[in-house]
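User: Please take a close look at one part of this model. I would like a single connected account, with the cut-offs spelled out.

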Amino acid sequence: MTDYFEVHDRDGPARLGELRLTDPVRTPALVDDVLHDAGSLWREEQPTPEGDESKLTVLPHRAFPAGTDEGVKDAFQVAYDDVAFPSAAVVSPETARDFGADAYVLSGGPGLSGYAEGFVDALLETKTQIPADTGLYVSGIATPANVATLAYAGVDLFDGDYAYTRGTEGFYLHTDGESFLEDLDELPCACPACQQPRREFDHRDCAEHNVNALRAELSRVRQRIRRGRLRDYIEGQARHEAWTTALFRRLDGEYAYLEERTPLLRRQDILAASEDTLNRVEIQRYADRVTSRYVPRLDDRPLVIVPCSARKPYSDSQSHEQFSRAISYRGHVVSMTSPIGVVPNELELTYPAQHYDSVVTGDWTEGEYAFVAAVLERYLDRNRDAYTDLIAHVPEDYRPICERVEESLGVSFQYTVTDHPTTEESLAALSDALDGYDSFRMQEREHATVRAIADYLIGHGAGDELFDDIETGGRYPKLRVHKDGEQLATLVAQYGTLSFTIAGAREWVDSDVPTKTVEIDAFVPQGSVLAPGIVDASDEIRVGDEVVIEGPNAFAVGRAEMSGPEMTDSTRGLAVEVRHCEER
């Protein structure tokens, strides 16, 4: 159980935390000034440290260099005792486990610097073995250029050793790499060490500058985590060094690790500035759920594919208003876009469909073409029998996507655009293509939207199971869902999610749909549930998920602030924001 480290906020694997010392340290952070190393056991036995709450004490340990034989590690791993002061235990990936410490030091970290595959493997293995609410410290590795990527990977604590040493060797560090001090005609920094003429700036000053630059970069990283924008920063910043670029790409290949730690929704928009955005968990998760959970209930009509718009949600844009008048609800509208893929009209509000900003150049990259075509192919392969015809009302730069899918699936699109999608001629062709079809009624569209969002959030079939024979009230997008006179849920327009009432939560629990449940101890939540009060939680829960809270004394519904695995593994922190609660 950790007493001196607490996670306050998350941005994927990156955490904004607090090392709860006499003078608290906000993390990710340098710990040089608050670290006490009780010594190595390789040479001699070390006395049991007294420790105190002003320092993080690294317990007497045996560190293993990278590449040490596993048998040696098993034979010499220290079994740490519980202590009553802030402590850190040195572990290797193979020997890591819960030693009751507040932080864990990854042994052999410097030996993995520059080796992206080995570092990611070691990091993930260690993270899966230590408690979720403890800090991870990697020593002797941080620089201003790599610390943001390391924090993004899930490292919380750093030191300035490597940066300082590089300075004494005459290397001037900055966020885009390093320079030989002798090559600098002027000092491109405003830190205290650099406030002197270049000719007087020596290696000791350079070392001081390097640590200052590292500390400043960590401050920037904390702010990015706080705003939920670290990934946006990393996509550009990591490219300044080969190792950080490789590390970033290796992390993107660890989808399960990233997905468990990535929230279902964010307050901030995603900036789609490069092809790396296509690998973001939020993008991949949306594409997967649309092609595996969603089913078109506005079926037995043509599918109408239209281009995206700069304004979100799409239906509020001028172009989509023109499309809507031409279509008149006689077909099922799906928008095609990079980086999202395909967006059924019922899910246009659902994060991240209305929460991204693309760099518009008028040209698609090959990566964008391939990704969007793959998503459209998966969508049509699953749902082609739902449509009587396939209409592509798209401009010239979108057509290669449709043509790829035509070739791969053996289907044919009817193209209705000449010159531009919003010209009178194009809109008339679109309207004519739908001639003879009746319009979907407003009630059909609203019910389809509610059920589609339920499928997306909970799982395939959830919409029909939970929201059969419903009534909707209010005006889209602020819909209320009722059944037999009771309100079950509200559509939250900001994120395109559903907010359940107690009646809706009971409907969920009584159904055959798997419930995202948080089991709590014998108390009645007052606005929130903290991690110590949780007995168990569904592994499928992600930050932002709607969850049912059940305990001997209470039945409640709320929104997750931790993933399910983190809830069950943590002893500190806010786990669930409770919205409605009933005593039992």
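Analyst: Asp 545 is buried, with a relative accessible area of 2% (buried means under 20%, exposed over 50%, partly exposed in between; 1.4 Å probe, protein chains only). The model is predicted: local features need pLDDT of at least 70 and side-chain atom pairs pLDDT 80 or more, while totals for chains, interfaces and linings use all residues. Residues are numbered from 1 along each chain as its sequence is written, and side-chain values use heavy atoms, without hydrogens or water.

Asp 545 sits in the loop between strand E26 (534–537) and strand E27 (546–551); strands (E, at least two residues) and helices (H or I, at least four) are DSSP runs numbered from the N terminus. Its side chain makes a polar contact with the side chain of Lys 516, at 3.1 Å. A polar contact is an N or O pair within 3.5 Å; within protein, one atom must be able to donate a hydrogen and the other to accept it, and residues adjacent in sequence count only if both atoms are side-chain atoms. Leaving aside neighbours within four places in sequence, the residues in contact with Asp 545 include Leu 264, Leu 457, Glu 540 and Arg 559 (contact means heavy atoms within 4.5 Å).

Another part is an open, antiparallel sheet of four strands, ordered E20-E21-E22-E23; strands pair if DSSP finds at least two bridges between them. Strand E20 (471–475) and strand E23 (497–500) are the edges, each pairing on one side only. E21 (residues 478–483) and E22 (residues 486–492) pair over four bridges, and Val 481 has Ala 489 in E22 as its bridge partner.
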